[in-house]
Amino acid sequence: ALHSHPSGRHFLQIPGPTNVPDRVLRAIDNATIDHRGPEFGVLGKSVLAGMKKVFKTEADVVIYPSSGTGAWEAALVNTLSPGDLVLMVETGHFATLWKKMAVKLGLRVEFLEGDWRHGIDAAQIHARLTADKAHEIKAVCAVHNETATGVTSNIAALRQAMDDSGHPALFMVDTISSLGSMDYRHDEWGVDVTVAGSQKGLMLPPGLSFNAISAKALAASGTAALRRSYWDWKEMLAINPSGYFPYTPATNLLYGLHEALEMLFAEGLDHVFARHRRYGEATREAARAWGLDILCKNPDEYSSVLTAVVMPDGHSADAFRKVVLRHFDMSLGQGLSKLSDKVFRIGHLGDMNDLTLCGTLAGVEMGLGIAGVPHRKGGAQAAMDHLAQSSMAALAQAA
Ligand code: PLP
């Protein structure tokens, strides 16, 4: 049969895990070394310093051998006490999961309802914090880029709202799907704990997670009474300055992280962010040309990382994704929980170039045709036009 032996590279166009560059794979494929030996200390110091640059922070960063969920838990258990009130916003599936975790850990959560098509309303946060005269709310938690919806929240605006209300709550931000793909500034935006993961913008396999920790969050950890052991920042921060870890680190993933950081810095973070912005623009041009609805309602909140496309009524997003996988060996993101079977998500983050995006959108367009999904042709062409024009403009500017 035509597709019994897929050739070429699989197109992994889900919004993470992303394609791991060959350079990073080769770096991971080295002998595991003594994690208490001299070589390791050099590596440990280097990746910790590199991650500070990515978070844009001078403050502490810790690295866990875990998926992003572990770093979510670390952020909460290191800073809060049982029964503390936390303000969270229902931007989508991942905000809902973080909220469920907070409840399981014994926190009280006020969960502001959302329609999964908008980011966090800074004015609403301002109003709620201003009304909290007793300062019962101990933390505000936000997801920077909702991976389930392709909607971002304006973190600088949220910081401003918190400052304007004069409220002392901690500010925690999940950047699991934005860090390394979209501009993010831990220090400048006054974030207390930033949560991140390895498998998206950092172009690594899953398995590493991160906290960036402000001085205020560190001080809070001194009195925070939630039970913690593995996730405790204390032992990590005691030994990290020497480049070592309190337990066996994920040595080979750290080799990969070292390589990925070199790649990001060589390209330049601003260039990386601009590249992803262009991919977002081109993908939305394609969706508009197809006549399909983009889930994100507010253009100011469009994600550079992924685009969630709404299926026309009566058509199954999962059946469409199956067609694309079968015919073109491409994985697209599925609709999660509330959005199950209703949207598909196009990942345009990580290690990819203009032609990767063209191939991706061509695969989507051919798949729409084969699956019998009503659409207009010309989406891939519209994206190509956008890529070509913006590429010419960028070269003309550089000349
Ligand atoms: N938060 C966001 C925004 C995510 O995209 C994800 C995973 O996709 C998570 C949290 C959970 O991270 P993990 O699956 O690595 O535990």
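Is Met-203 buried or exposed, judged by its C-beta neighbours inside 10 Å? With 28 such neighbours, Met-203 counts as buried, since a residue is called buried if 20 or more other C-beta atoms, placed from the backbone, lie within 10 Å of its own, exposed if 12 or fewer, and partly exposed in between. The model is a predicted one, in which local features need pLDDT of at least 70 and side-chain atom pairs count only at pLDDT 80 or more, while totals for chains, interfaces and linings use all residues. Residues are numbered from 1 along each chain as its sequence is written.

Met-203 is found in the loop between β9 and β10, where helices (H or I, at least four residues) and strands (E, at least two) are DSSP runs numbered from the N terminus. Its phi is near 65°, a positive value in a residue other than glycine. The loop between β9 (193-197) and β10 (209-213) also holds Lys-200, at which UniProt, in an unreviewed entry, places the feature "modified residue: N6-(pyridoxal phosphate)lysine"; UniProt positions follow the numbering used here, feature names are shortened, and annotations may be inferred rather than shown by experiment. Lys-200 counts as buried, with 29 C-beta neighbours inside 10 Å. Leaving aside residues up to four places away in sequence, Lys-200 touches Gly-16, Thr-18, Ile-176, Ser-177, Ser-181, Leu-349 and Gly-350, a contact being a pair of residues whose C-beta atoms, placed from the backbone, lie within 7 Å.

Gly-16 is joined to Pro-17 by a cis peptide bond with omega of about -5°, and Pro-17 is found in the loop between β1 (11-13) and α1 (22-28). Most residues other than glycine have a negative phi, and most peptide bonds are trans. A positive phi, of about 70°, is also found at Asp-341, which is not a glycine; Asp-341 is placed in the loop between β13 (330-334) and β14 (343-347) and counts as partly exposed, with 15 C-beta neighbours inside 10 Å.

Helix packing was examined for two pairs. Helix α10 (residues 269-290) and helix α12 (residues 354-370) pack at an angle of about 20° with their axes 11 Å apart, the axes being lines fitted to C-alpha atoms, for helices over the stretch in contact, and the angles running from 0 to 180 degrees between N-to-C directions. The two helices α10 and α12 are therefore roughly parallel to each other, given that angles under 35 degrees count as roughly parallel, over 145 as roughly antiparallel, 65 to 115 as roughly perpendicular and the rest as oblique. The contact involves Tyr-279, Ala-282, Thr-283, Ala-286 and Trp-290 of α10 with Leu-357, Leu-361 and Leu-368 of α12. These residues divide into 7 nonpolar, 1 polar and no charged, where Ala, Val, Leu, Ile, Met, Phe, Trp, Tyr, Cys and Pro count as nonpolar, Asp, Glu, Lys and Arg as charged, and the others, Gly among them, as polar.

In the other pair, the axes of helix α2 (residues 38-55) and helix α9 (residues 251-267) come within 10 Å and cross at roughly 45°, which makes α2 oblique to α9. Leu-43, Ser-46, Val-47, Gly-50 and Val-54 in α2 meet Leu-254, Leu-257, His-258, Leu-261 and Leu-264 in α9, and the residues of this contact divide into 7 nonpolar, 3 polar and no charged.

Terms used
Contact = placed C-beta atoms within 7 Å.
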